[in-house]
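Subject: Handover of a structure and its computed description

Dear colleague,

Please find the structure below, followed by an account of what was found in it. I would be grateful if you could read the two side by side.

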Amino acid sequence: MDITEVPVSNENKGKKNKNKKPNNKRVTKERNAVEPKQEEKMENSEAAFPPTFSVSEIKNKQRRHLMFMKFKQEKRKQKLQVKKKKKKEREALGDKAPPKEVPKTIENQRVYDETTVDPEDEEIAFDEGTDEFSAYFNGLTNPKVLITTSDRPRGRTVRFCEQLATVVPNAHVYYRRGLALKRIIPQCVARNFTYLMVINEDRKMPNGLVLCHLPEGPTAHFKISSVRLRKEMKRRGKEPTEHSPEVILNNFTTRLGHSIGRLFAALFPQDPQFVGRQVATFHNQRDFIFFRFHRYIFKNEKRVGIQELGPRFTLKLRSLQKGTFDSKFGEYEWVLKRHEMDACRRKFQL
C-alpha cells in the first residue's frame, strides 16, 4: 500500500496548542489570588448574617426532643453553678453581704389598679353598710342555699352538686325539671332562700356556675374548670362533718374583687364551729379563683397537718349583674371582654 503524507496547517497547530493544559505554576498563582477574595466575601456575609439555629427547625420529633432536653440540662447546670458561686460569695462576705434579690413574678409586677380597696376608706365602709349583703353581715339573716342544675343533668354533675351541698351548710339540692330561672327565683324568695346556685354542664362535664343572691341580687356568672370529685382525689380525708366551716378569702383587692369576696362569704354562716376543724378557701390568683376544702389536724403544739376533703374546682368570672338573674333586660355591672382585658398579662380585675 502507498502511504501519502497529509500536510498540517498552522490553524490546526493552534487548535492543538489550545487543547494543551496550562502550566501548573500559573494555575497555583491564580488560585492564590482568588482565595483571599473569597475569604473576604465569606467574612462579610458572616458579619451581616450570623448563623442561627433553633431546636424547632429539627424535623425529626425524637431528635428534636433529645436536643431540647440537652439544652434544658445545660441551662440547669449553668444556673446551679451561678447559685453556688453566689452562695460562696455570701458566706465569704458574712454580714456585709448584700440583701437577696426578690424574684420577678407577674404578681409583684402587677399594674396598679385605681379601684384597689383601702379598708380604712370611709366611702367603702359606707358602701358596705348599705349594699345587698349588709343584712347578712349585720347578723339579720342566716344563709340558706338552693342548688340546682341545667336540664337533664348527667351523673357527674349530679354528684358534684351533692358534694357541694356537704360543703355549704344549710344547702338543699333540687332537680330543675325544665323550669325557667325566672319562675324558680320567686319560689326561692317565698321559701326564705338567700342563694340560688345553678350548675351548668357541657358534654357531661360541669362548665358553668350561676350564683344569684336573693332577694335583691347581685348575680355572678362563672366558668368552672378543673373539677375533681372526692373519688378522683388521692390521699383525701374522710367525709366532711356537718359542722359549719371557717372561710378564707385570699387576694380580693379591687372593688370588683371585694364584692365577689363578700358574695362568697355570705354563703356560709358567720359563726364557724371550730370543733369540726374544717376550712373552705377561695384563693384568687391572676383572676382565677381556686376553691379548696380542708380539715386541719394538730400534731403537736407547733405542727399542724391538713387533709383535703374535696371537691376542688377553679372559677373564672364572666359577668356580674345587678339584681336577680335576667338574661334579656338585666343591667350588668361588669362583663369580661377577653381581647381588651386580657391584653396585658400584668393587669388583673379582681
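A residue is called buried if its relative accessible area is under 20%, exposed if it is over 50%, and partly exposed in between (1.4 Å probe, protein chains only). Helices (H or I, at least four residues) and strands (E, at least two) are DSSP runs, numbered from the N terminus. By these terms, helix H8 is mostly covered, with eight of its 11 residues buried.

The model is a predicted one: local features need pLDDT of at least 70 and side-chain atom pairs count only at pLDDT 80 or more, while totals for chains, interfaces and linings use all residues. Residues are numbered from 1 along each chain as its sequence is written, and side-chain values use heavy atoms, with hydrogens and water left out.

Overall composition

The chain has 350 residues, of which 31% count as buried. Its secondary structure comes to nine helices and 11 strands. A contact means heavy atoms within 4.5 Å. Among contacts between residues at least 6 apart in sequence, 64% join residues at least 24 apart. The chain exposes about 26,000 Å², and carbon and sulfur atoms supply 51% of that area; accessible areas come from the Shrake-Rupley method with a 1.4 Å probe, and for residues only the protein chains shown count as cover.

The buried residues of H8 are Leu-256, Gly-257, Ile-260, Gly-261, Arg-262, Leu-263, Phe-264 and Ala-265. Two of these names return in the largest nonpolar core, which has 41 residues: Met-197, Phe-222, Ile-260, Phe-264 and Ile-289 touch the most other members. Such a core is a set of buried Ala, Val, Leu, Ile, Met, Phe, Trp, Tyr and Cys residues joined through side-chain atoms within 4.5 Å. Leaving aside residues up to four places away in sequence, Ile-260 touches Ala-220, Phe-222, Phe-252, Ile-289, Leu-317, Leu-320 and Leu-350. A second, separate core of 11 residues includes Leu-146, Leu-181, Cys-212 and Leu-214.

Salt bridges

There are 10 salt bridges in the structure, each being a side-chain nitrogen of Lys or Arg within 4 Å of a carboxyl oxygen of Asp or Glu. One of them joins Asp-127 and Arg-255, at 2.7 Å from N to O. Asp-127 belongs to helix H4 (residues 122-130) and Arg-255 to H8 (residues 255-265), so this pair ties together parts that are 128 residues apart in sequence. Asp-127 is partly exposed at 26% relative accessible area, and Arg-255 is partly exposed at 37%.

Another salt bridge links Arg-262 with Asp-131, with the closest N and O atoms 3.0 Å apart. Because Arg-262 lies in H8 and Asp-131 in the loop between H4 and helix H5 (134-137), the pair ties together parts 131 residues apart in sequence. Arg-262 is buried, at 11%, whereas Asp-131 is partly exposed, at 21%. Salt bridges that share partners join Glu-128, Asp-131 and Arg-262 into one network.

Strand S1

All five residues of strand S1 (residues 145-149) are buried. Val-145, Ile-147 and Thr-149 point one way from the strand, and Leu-146 and Thr-148 the other way. Three bridges join S1 to strand S2 (residues 171-173), and the two run parallel; strands pair if DSSP finds at least two bridges between them. Ile-147 stands opposite Val-173 in S2.

Backbone geometry

Most residues other than glycine have a negative phi, and most peptide bonds are trans. Which peptide bonds are cis here? One joins Leu-214 and Pro-215, with omega about 5°, and another runs from Gly-310 to Pro-311, with omega near 0°. Pro-215 is in the loop between strand S4 (205-213) and strand S5 (219-228), and Pro-311 in the loop between strand S9 (304-308) and strand S10 (312-321).

Positive phi values occur at Asn-170, near 60°, and at Arg-277, near 55°. Asn-170 is located in the loop between helix H6 (155-167) and S2, and is partly exposed at 41%. Arg-277 lies in the loop between H8 and strand S7 (278-285), and is partly exposed at 28%.

Yours sincerely
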